[in-house]
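My notes follow in the order I looked things up.

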Amino acid sequence: MPKYVHIAGLILLLCLLMYALLRTLAPAPNSIPQSGTNHPHPQHTSPSRMLYGLTIDDSWEGTTRLADIVEAIQRLPARPTVRIVMSKDRSPQSYRGLFKAIHRVADIMAQPVDSSDMHSYSTERYQQRFAESYQYLSHYVAIWEIGNEMNGQEWIQEDPRLTAAKVASAYRYIKDKHAVAALVPYYFPPNGSTPSMKEWLQTYLPDDLRQGIDYVLVSYYDDDNDGYQPNWRQVFAELETLFPEAKLGIGECGTPSEHAPMARKLQLFRYYYAMPQYTPRYVGGYFWWYWAHDGVPYKDNPLWEETAKYMKKRQS
């Protein structure tokens with residue numbers, strides 16, 4: 001074999017080795033960085049966009065099929081945020097099937113503890129409830145409701161300092177996981193409660209929570225308060241001052257009973273879901289309480305049709 005063939009072969013071999021080395025060292029042009037273990041929560045819900053909120057508690061079980069709930073959500077013209085209220089007597093692990101099914105068609109705001117069960121937990125157990133919920137459900141959850149109607153001393157029946165300590169413990173746990181946290185206080189009409197919602201939040205919540213919470217979404221039921229309608233522009237202006245970084249909105253509304261007349265349900269639904277953007281950080285929400293009953297099944301359903309109409313209007 002001629003000598004130049006050997007030389008050409010060696011040169012070719014060296015070129016191939018250099019090319020292989022450069023391919024190994026250079027990053028792939030379309031590579032996607034992998035999320036770290038401290039960020040397993042989904043990122044569908046952007047804190048800056050409007051929230052299309054619906055609520056699901058356990059009361060649908062035995063009367064409504066999960067498949068019908070999923071279909072009703074899937075048929076909506078936009079991806080909503082579904083607030084799932086978890087019962088005290090059920091483990092977080094038992095909710096995996098529900099969360100997985102809903103997550104396919106909606107973002108999820110998880111509420112591991114309802115205010116009606118607040119008194120049942122010590123501070124340690126309250127944080128543990130959130131830790132267990134995070135362990136089994138974080139893959140599906142966009143927002144964690146770390147305190148529900150925590151200022152409702154009338155029904156919580158415990159020292160508000162203890163309640164605030166529980167909420168703060170959940171907040172610090174969730175934020176330590178780099179996840180998104182929401183607070184859902186209850187609004188009381190003037191002279192309806194002492195202290196007022198604003199006074200309670202200002203007095204009992206620690207500074208780190210007020211400075212760092214991602215959402216503050218107010219719970220309110222007109223029919224529990226003789227039809228009184230708050231001055232929402234003033235309410236949210238005060239909340240913007242108390243919570244300088246938080247997005248604001250309505251975290252729970254509806255009728256006190258699922259058996260209320262549909263005409264009243266539609267009246268309230270239209271009032272809340274048509275609210276204007278009261279402040280620059282206002283993001284809607286609303287989270288109609290009995291949506292799994294009132295909006296399912298979706299065919300020929302006036303409240304489902306109102307939900308779809310609201311979404312289309314917001315998108316236009």
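**Overall numbers**

I started with the surface: the protein exposes about 15500 Å², and carbon and sulfur atoms supply 53% of it. I note here that the model is predicted. I read off 12 helices and 8 strands. Of the 316 residues, 51% are buried. For contacts with a separation of 6 or more, I found that residues 24 or more positions apart account for 81%.

**Salt bridges**

I searched the whole structure and got 18 salt bridges. I then looked up three of them.

I took D107 and R49 to begin with; their side chains meet at 2.9 Å, N to O. D107 is in strand β3 and R49 in the loop between α1 (3-25) and β1, 58 residues apart. I checked burial on both sides: D107 is buried, at 1% relative accessible area, while R49 is partly exposed at 25%. I also found R79 linked with R49 and D107 in a network of salt bridges.

Next I looked at R90 and E61, which form a salt bridge at 3.0 Å, N to O. This pair links the loop between β2 and α3, where R90 lies, to the loop between β1 and α2, where E61 lies, 29 residues apart. R90 is partly exposed at 22% relative accessibility, and E61 is partly exposed at 40%.

The last pair I looked up was K175 and D214, with a salt bridge of 2.8 Å, N to O. K175 belongs to helix α6 (residues 160-176), and D214 to the loop between α8 (207-212) and β6 (215-219), 39 residues apart. Both ends came out as partly exposed: K175 at 27% and D214 at 21%.

**D114**

I asked which side chain of opposite charge is nearest to D114. It is R83, 5.3 Å away; D114 is buried yet has no salt bridge, the cut-off for one being 4 Å. I placed D114 in the loop between β3 (107-111) and α4 (123-137). Its side chain does make a polar contact with the side chain of S116, at 2.8 Å. Leaving out residues up to four places away in sequence, I found D114 touching V85, N148 and W289.

**Helix α2**

In α2 (residues 66-74) I listed I69, V70, A72 and I73 as buried. Seen down the axis of α2, the buried residues fall within an arc of 160°, so they line one face of the helix. I then checked what these residues pack against: β1 (51-56), β2 (81-85), α3 (96-103), α11 (291-294) and α12 (302-315).

Methods. Residues numbered from 1 in each chain as written. Predicted model: local features only at pLDDT ≥ 70, side-chain atom pairs only at ≥ 80, totals over all residues. Heavy atoms only, no water. Helix = DSSP H or I, 4+ residues; strand = E, 2+ residues; numbered from the N terminus. Buried < 20%, exposed > 50% of the residue type's maximum accessible area, 1.4 Å probe, protein only. Lys, Arg positive; Asp, Glu negative; His and termini not counted. Polar contact = N/O pair within 3.5 Å; in protein donor to acceptor, adjacent residues only side chain to side chain. Contact = heavy atoms within 4.5 Å. Arc of directions from axis to C-beta. Areas by Shrake-Rupley, 256 points an atom, 1.4 Å probe, with all protein chains shown as cover.
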